[in-house]
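Subject: Handing over a structure, with notes on what was found

Dear colleague,

Please open it first and keep it beside you while you read.

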Amino acid sequence: MRVLLLIPSRESSMLLPTFADQMSPRRKMATSALACVLVGLAAAPLRGWLDPANVVMLFLLTVLVVAVVLGRNPAVLAAVLSVLLFDVFFVPPHFSLAVSNLQYLITFAVMLATALITGHLAATLQEQAADAGRRERRTRALYEIARQLAGALNDLQVREIVEGFITAEFAGRCQLLLGDAVGDDAAAWLVPARVAAVHAAGTRQIDGAVIYLPLKAPMRVRGVLAVHPGNTLDEAELAALDGLASLVAIAVERLHYVEVAQRSELETATERLRSSILSALSHDLRTPLTVLVGLADAIVLAAPGLSGPALDSARTLRDQAGRLAGLVANLLEMARLNAGSVTLRQEWQPLEEVVGSSLKLLGDALGRHRLRVDLPRDLPLLRFDAVLIERVLCNLLENAAKYSPADGEILIAAALAGDFVELSVGDRGPGFPEPFSAQVFEMFVRGDGESTTPGTGLGLAICRAIVDAHGGRMRIENPAGGGGRVVVSLPRGEPPVVEAEVM
Amino acid sequence: MSDKPRVLIVEDEAQIRQFLRLALAAEGCTVLEASRLADGLTLAGDGGVDLVLLDLGLPDGDGIDFIRAYRGWSDGPVLILSARTEERHKIDALDAGADDYLTKPFGIGELHARVRALMRRRARSGVAASPVVEFGEVVVDLARRLVTRRGEPVRLTPIEFRLLAMMLAHPGQVLTQRKLLADIWGPSYVESSHYLRVYVGHLRQKLEDDPTQPRHFLTETGVGYRFQPGS
């Protein structure tokens with residue numbers, strides 16, 4: 001055991017009571033009587049020579065010593081016995097309780113009173129000194145364990161320190177239960193229900209010989225300390241156990257927060273690494289893509305020098321490079337969203353604006369599809385990250401264009417729906433395969449397993465991640481009029497007021 | 001200014017420089033190249049540069065530092081090349097004095113259009129602007145504060161008119177939210193972007209054919225707005 005409890009040896013003034021503590025009350029009485037008789041015997045031969053007043057002094061001294069050494073009751077016995085012995089052996093007529101000079105009655109009374117009072121005072125002082133000694137010892141022990149607990153580096157060390165303390169101080173066993181569940185390795189003398197009750201109530205409970213103490217830390221109850229002491233405990237010892245439980249609770253809580261701090265530091269470091277890898281990756285991917293897209297475009301624009309088939313090839317090259325760039329953008333966006341390195345730049349703005357910018361961004365990509373935008377004029381401002389919602393809309397529009405017939409209509413609509421505003425993108429395609437499942441929003445899942453329509457199935461997954469981050473929802477439906485529709489619900493919140501201007 | 005405009009490319013990727021050189025040569029530009037910020041500043045300091053194409057992520061420093069330094073002695077146009085996910089950088093660059101940006105990857109057509117617009121603006125600077133501006137079916141008389149659309153007068157509020165005038169004064173140029181808010185509403189409004197968005201919405205509703213698909217008052221998502229005179 002690595003725990004050392006340094007309990008100082010009792011001071012010398014306490015040695016006698018320690019010795020006397022081991023005597024039974026009967027033996028203490030006998031010792032007290034013996035002391036009085038011995039003093040009487042010692043003084044008897046000097047009877048002619050000693051003044052009676054001095055004999056009284058000898059007896060009073062005896063009572064005082066008995067009180068200090070043996071305690072209150074033996075002192076009372078010694079007081080009474082001293083008066084009797086003095087009367088019988090030293091007051092004429094000798095060897096009789098009778099008194100010739102009535103003056104001695106006053107001597108007896110004063111002697112008895114003095115003996116009783118000094119005896120009482122001495123015994124009380126002695127008891128208080130012993131109490132103070134015990135208290136000091138316990139305080140020292142608690143201070144020592146507090147010091148050790150403050151240095152504990154993990155729960156196991158806390159356990160060892162507490163077990164050492166209980167063994168040394170209470171000659172008993174104990175078990176430290178962190179959390180509210182009792183593990184399989186718990187001692188047989190534990191009552192799990194009692195542990196749970198103490199944990200829930202946060203107050204000390206005693207069940208037979210076992211004391212259950214809640215580990216009440218400032219934030220919450222951190223567990224239960226069950227103590228099975230070697231002998232029954234008095235109030236002061238229970239109070240000491242309460243003190244121990246608080247110390248342990250604080251130590252356990254401290255260790256808990258140390259762990260939390262370490263974990264969050266690790267997470268921050270991991271996140272930083274992730275986002276620096278991502279930005280390096282996106283830079284490395286973007287450079288060749290920029291060159292590819294640009295050069296392919298340059299070849300197409302240098303058209304006069306190219307024959308028909310070569311021009312077609314150049315166009316295909318340009319379009320495919322553009323698609324590759326879009327794909328990489330989607331992949332990187334998804335990686336950023338997954339890595340949690342995206343901070344939303346949410347601002348209050350009209351939905352109409354982001355619809356407009358998405359349409360402009362897509363430009364020719366919508367091909368020959370007819371586009372209809374149906375936004376009510378009185379839509380409230382919504383709070384969102386325009387760049388991310390623009391990506392959602394672009395993905396949904398690209399999907400719509402991909403799955404609907406070449407000249408099919410694509411409808412962008414919005415409507416109020418309770419606490420949300422619903423923005424929908426509908427197409428004239430075959431609709432979503434029924435029954436609907438949330439799977440379409442998962443990565444790399446596509447509506448039609450072996451479709452010839454190009455795509456990775458990333459689009460909807462990104463949309464959902466973005467909409468989730470905004471506290472919104474996404475669903476798919478096949479409207480009665482045919483085609484498919486994706487509905488994005490964004491929370492309305494409480495838009496700020498823009499004061500109307502006076503013309 | 002010589003007949004051939006001189007363009008400085010500050011970009012650390014050799015392949016991108018090569019592609020830009022080809023594209024700009026086709027436009028009849030003389031091209032200067034630098035792969036590092038310091039070299040770029042030296043070349044720009046030698047004078048005679050009509051346009052700077054600047055990549056924001058350079059090995060020896062931030063492109064924004066280049067803009068700040070360059071603006072110390074020149075007000076020549078600066079075109080930023082940056083990635084889509086870096087709105088914050090674009091805004092900082094524009095606020096530092098850059099004139100426009102291109103998002104990588106971009107096509108030659110886009111590049112040529114931006115370069116031409118910037119060169120035109122440079123050529124026009126110093127020429128007294130006319131108080132009457134026309135775009136689409138809208139005529140704005142800035143001096144008389146009159147706006148007509150298809151010959152019909154359009155009523156604008158004072159703030160709407162200030163916003164319109166500011167955008168007309170910077171045709172083809174990106175104006176950051178921050179700049180617009182600070183100039184029109186005052187410095188304490190720079191975080192209240194919803195004012196700007198609502199008022200741009202008003203302008204679109206009053207002056208655009210289809211407010212949801214504007215042709216003149218364009219949104220630069222996450223950055224600001226651009227007024228496009230032609231369609």
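Below is what was found, beginning with the two chains and then turning to some local features.

This is a predicted model, so local features are given only where pLDDT is at least 70 and side-chain atom pairs only at pLDDT 80 or more, while totals for chains, interfaces and linings use all residues. Residues are numbered from 1 along each chain as its sequence is written, chains are lettered from A and ligands numbered from 1 in the order in which they are written, and side-chain values use heavy atoms, with hydrogens and water left out.

**The two chains**

Chain A has 12 helices and 11 strands, whereas chain B has eight helices and 14 strands; here helices (H or I, at least four residues) and strands (E, at least two) are DSSP runs, numbered from the N terminus. Of the 503 residues in chain A, 40% are buried, and of the 231 residues in chain B, 53% are buried. A residue counts as buried under 20% relative accessible area, as exposed over 50%, and as partly exposed in between, with a 1.4 Å probe and protein chains only.

The accessible surface of chain A is about 27200 Å², with 59% of it supplied by carbon and sulfur atoms, and that of chain B is about 9900 Å², with 49% belonging to these atoms. Accessible areas come from the Shrake-Rupley method with a 1.4 Å probe, and for residues only the protein chains shown count as cover. Among contacts (heavy atoms within 4.5 Å) with a separation of 6 or more, residues 24 or more positions apart account for 65% in chain A and for 56% in chain B.

**Helix α6 of chain A**

Helix α6 of chain A covers residues 155–170, and its 16 residues should span 22 Å at 1.5 Å a residue, which agrees with the 22 Å between its end C-alpha atoms; the expected span is 1.5 Å times one less than the number of residues. Its buried residues include A:Val158, A:Ile161, A:Phe165 and A:Phe170, and among the elements that cover the buried residues are α5 (103–150) and α8 (235–301) of chain A. At the N-terminal end, A:Asn154 caps the helix, with a side-chain oxygen 3.2 Å from the backbone nitrogen of A:Leu156. Just after α6(A), A:Ala171 takes a positive phi of about 50°.

**A nonpolar patch on chain A**

A:Val76, A:Val80, A:Leu84, A:Leu97 and A:Leu116 make a nonpolar surface patch of about 390 Å². Patches are made of residues with over 30% relative accessible area and no salt bridge, where like charges are joined within 9 Å and nonpolar side chains (Val, Leu, Ile, Met, Phe, Trp, Tyr) within 5 Å. Helix α4 (residues 72–90) of chain A gives the largest share of this patch, three residues. A:Leu97 is found in the loop between α4 and α5 of chain A and is exposed, with a relative accessible area of 55%.

**Salt bridges**

Over all chains the structure holds 42 salt bridges, each being a side-chain nitrogen of Lys or Arg within 4 Å of a carboxyl oxygen of Asp or Glu. In one of them, the closest N and O atoms of A:Arg72 and A:Glu127 are 3.2 Å apart. This pair links distant parts of the chain, with A:Arg72 in helix α4 and A:Glu127 in helix α5 of chain A, 55 residues apart. A:Arg72 is partly exposed at 28% relative accessible area, and A:Glu127 is partly exposed at 42%.

In chain B, B:Asp209 forms a salt bridge with B:Arg149, their closest N and O atoms being 2.9 Å apart. B:Asp209 lies in the loop between α8 (193–207) and β13 (217–220) and B:Arg149 in strand β10 (residues 146–149), so the pair ties together parts of chain B that are 60 residues apart in sequence. B:Asp209 is partly exposed at 46% relative accessibility, whereas B:Arg149 is buried at 16%. Elsewhere, salt bridges that share partners join A:Lys360, B:Asp100, B:Arg114, B:Glu220 and B:Arg226 into one network.

With best wishes

Methods:
Polar contact = N/O pair within 3.5 Å; in protein donor to acceptor, adjacent residues only side chain to side chain.
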